Protein chains: 2
Amino acid sequence: MRTKILSILRENGSDPVSGEEIATRLKISRTAIWKHIQILKKEGYSIEALPKKGYVLTHVPDKMLPSEIESKLKTKWLGRQVNYAQSVISTNEMAKALANAGCDNGVVCVAEEQSGGKGRLARGWFSPAGDGLWFSVILKPPFMPDEAAKCTLLAAVAVVRTVNEYKGINAVIKWPNDILLEGKKLVGILTEMSAEFGHINYIVIGIGINVCVPKSKVPEDLRVSAISMADVSKEKINRVELLASVLKNLEELYEIVLSDGFAPILAMWRQYSATIGKEVRVIAPDMTYTGRALDIDEDGLLLVDRGNGVIEKVIAGDVSIRPVQAKRSKYE
Amino acid sequence: MRTKILSILRENGSDPVSGEEIATRLKISRTAIWKHIQILKKEGYSIEALPKKGYVLTHVPDKMLPSEIESKLKTKWLGRQVNYAQSVISTNEMAKALANAGCDNGVVCVAEEQSGGKGRLARGWFSPAGDGLWFSVILKPPFMPDEAAKCTLLAAVAVVRTVNEYKGINAVIKWPNDILLEGKKLVGILTEMSAEFGHINYIVIGIGINVCVPKSKVPEDLRVSAISMADVSKEKINRVELLASVLKNLEELYEIVLSDGFAPILAMWRQYSATIGKEVRVIAPDMTYTGRALDIDEDGLLLVDRGNGVIEKVIAGDVSIRPVQAKRSKYE
């Protein structure tokens with residue numbers, strides 16, 4: 001209902017809308033409208049009440065509020081239910097709790113701030129309030145558990161497509177799912193799955209996008225390796241619009257998987273890959289080696305030619321792209 | 001400490017042991033011993049205090065108490081930490097909560113009763129108090145998520161080996177992990193996994209064994225399809241000893257996987273299979289068909305020859321063994 005009230009106010013821009021008109025259009029009482037408007041004000045909206053004229057929306061808070069997201073959303077089902085929090089340990093934890101309690105396919109969790117944001121391999125992800133887009137998507141796919149790993153590649157494609165729609169941004173994917181801009185980390189993705197034999201209970205895809213994290217806020221040890229969209233983008237970035245675009249892309253790609261499988265996704269992934277064709281160093285659980293990244297296979301695993309006739313399939317661990325020069329690179 | 005006190009009392013059988021002796025051996029005060037003994041009494045132990053002689057253990061409760069389990073355990077690491085509850089929704093839920101909070105590899109959860117015990121495909125599992133062995137094992141294996149499904153076959157082998165050690169019991173495995181005795185369900189196993197790309201966070205293996213569920217307690221619709229060990233066994237079954245044996249077998253098989261992979265486990269699974277070589281009906285998510293179960297492949301998937309030149313790989317769904325006669329079988 002509050003989304004509908006906001007939508008009427010938005011339609012009318014700087015022209016006031018009377019409580020009576022809103023009441024008639026939404027078929028609720030003027031008292032109910034007054035109550036909703038008080039709540040919206042608490043959320044940070046500025047709504048002026050001009051005597052005998054009506055309400056005008058004068059300011060929208062820069063927050064990831066569900067009513068804002070709903071107003072921008074172009075998806076059919078993804079993100080049609082949004083759970084919002086000012087601060088959480090991580091949106092993946094929030095999403096897993098909801099999924100464990102049996103929520104629907106396509107629910108999205110978003111927070112202004114994560115106190116314990118996580119990346120792959122239990123690494124931290126710096127997620128300060130208001131400066132980034134930190135969210136998680138809950139999917140309940142009909143495919144098998146051994147296909148799930150490819151969802152992380154799917155998410156990387158959806159995000160890189162979205163951020164590259166902004167002028168000046170030309171990001172790439174480092175296998176499996178880091179998104180790099182000018183060689184630095186722009187986006188982190190952590191896909192987690194709950195499954196039983198032959199059945200996925202749910203997949204949670206957590207995505208953290210550095211939108212406009214000021215360098216001064218970034219811990220010193222991350223400063224050289226992290227970057228924000230705002231550092232490079234030639235246009236202003238609205239986080240709500242950015243989220244709506246990512247969800248739109250995610251939904252489209254997911255529906256391609258449902259109808260045609262993962263092959264088209266892997267083909268797209270290759271186009272954005274910063275890894276294929278490069279000399280890489282692989283830190284696997286049991287060994288470290290270097291070689292040339294040839295391709296990903298149909299399971300999304302990286303094929304690395306070690307040059308001694310051995311082609312390794314990288315199924316886990318860390319892959320860094322080696323610089324042409326001998327010194328260690330900022331990619332690593 | 002209570003396990004140690006019980007162990008001293010057990011050693012001495014019907015001979016009383018003085019508080020002073022226990023205090024000296026365990027290097028704690030006599031007051032501390034007295035307090036521990038009060039707690040043990042509350043748990044259901046009968047411990048007589050004979051004046052000027054000492055303590056005698058006269059009765060051990062028929063419960064899955066951690067101190068009882070510890071006294072029977074022959075494993076190196078599996079089940080060395082036991083979490084016990086009188087009644088839970090399911091031991092898998094209990095185990096997943098612990099695993100999410102970061103518990104160690106090898107922790108075991110056991111309950112007298114499950115109010116919402118679950119089998120595969122969201123089916124219920126009837127788990128009344130005191131009549132069965134309902135427990136879950138938390139594993140944090142170093143292998144890859146796509147190997148995890150085979151843990152459910154591993155668990156089936158461990159359990160069938162254990163129950164078949166009891167005289168008169170000759171159970172078999174129906175693919176993938178139901179354990180049947182005289183064509184009826186004796187054991188249910190539900191394996192759940194939490195994973196991210198290239199990394200298993202944890203696996204929870206939930207095992208429910210009908211030890212001595214009285215027919216009168218069993219809901220009418222399950223009565224024809226369920227069976228208890230006590231219905232067939234020629235010897236008395238102690239649940240604590242049964243659990244200790246299952247854990248011993250599980251640990252052994254798991255260590256085989258760590259050193260030699262899953263091939264030896266699949267070979268053992270085949271020996272106990274009630275499915276291979278049989279005419280089966282497969283209810284897959286997208287179709288139903290019949291055929292002859294040929295074997296399992298290296299991933300543990302069932303290969304079914306449909307007789308029209310097509311060999312199907314069954315990766316999910318339900319497989320029932322068809323009777324030689326035309327009528328529906330109790331196996332189904």
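Biologist: Where does Ala267(A) sit?
Modeller: Ala267(A) is part of helix 9 of chain A, which spans residues 263-272. Helices (H or I, at least four residues) and strands (E, at least two) are DSSP runs, numbered from the N terminus.

Biologist: Is Ala267(A) buried or exposed?
Modeller: Exposed, because 10 other C-beta atoms lie within 10 Å of Ala267(A). The cut-offs: buried means 20 or more other C-beta atoms within 10 Å of the residue's own, exposed means 12 or fewer, and partly exposed is in between; C-beta atoms are placed from the backbone.

Biologist: What about Glu298(A), how far is that from Ala267(A)?
Modeller: Their C-alpha atoms are separated by 9.8 Å, and the two residues are 31 apart along the chain.

Biologist: Before I go on, what kind of model is this, and how is it labelled?
Modeller: It is a predicted model: local features need pLDDT of at least 70, side-chain atom pairs count only at pLDDT 80 or more, and totals for chains, interfaces and linings use all residues. Residues are numbered from 1 along each chain as its sequence is written, while chains are lettered from A and ligands numbered from 1 in the order in which they are written.

Biologist: What is the mean pLDDT of chain A?
Modeller: The mean is 89, and 96% of the residues of chain A reach 70 or more. pLDDT is the predictor's confidence in each residue, from 0 to 100.

Biologist: Where in chain A is confidence lowest, and where highest?
Modeller: Lowest in helix 7 (residues 220-223) of chain A, with a mean of 77. Highest in helix 8 (residues 239-260) of chain A, at 97. Over residues 326-332 of chain A the pLDDT is below 50, and this stretch has 11 contacts in the model beyond near neighbours in sequence. Contact means that the C-beta atoms of two residues, placed from the backbone, lie within 7 Å.

Biologist: How do strand 8 of chain A and strand 8 of chain B run, parallel or antiparallel?
Modeller: Antiparallel, joined by 5 bridges. Ala195(A) stands opposite Met193(B) there. Strands count as paired if DSSP finds at least two bridges between them.

Biologist: Is helix 5 of chain B enclosed or open?
Modeller: Largely enclosed by the rest of the structure, because 7 of its 10 residues (helix 5 is 91-100) are buried. Among the buried ones are Met94(B), Ala95(B) and Ala99(B). The buried residues pack against strands 3, 4, 5, 8 and 9 of chain B.

Biologist: What about strand 4 of chain B, which strand does it pair with?
Modeller: Strand 3 of chain B, in parallel, over 6 bridges. Tyr84(B) stands opposite Val110(B) in strand 4 of chain B. In strand 4 of chain B, 6 of the 7 residues are buried, so this strand is largely enclosed too.

Biologist: Back to chain A. Which residues are on the covered face of strand 10?
Modeller: Val280(A) and Val282(A). Glu279(A), Arg281(A) and Ile283(A) are on the uncovered one. Strand 10 of chain A forms a hairpin with strand 11 of chain A, with 4 residues between them. Val282(A) stands opposite Tyr289(A) in strand 11 of chain A.

Biologist: Is the peptide bond from Trp175(A) to Pro176(A) cis or trans?
Modeller: Cis, with omega near -5°. Pro176(A) is in the loop between strand 6 (172-174) and strand 7 (178-181) of chain A. The bond from Trp175(B) to Pro176(B) is cis as well, with omega near -5°.

Biologist: Last one. What is the phi of Lys52(A)?
Modeller: Near 65°, a positive value in a residue other than glycine. Lys52(A) is in the loop between strand 1 (46-50) and strand 2 (54-59) of chain A. Lys52(A) is exposed, with 6 other C-beta atoms within 10 Å.
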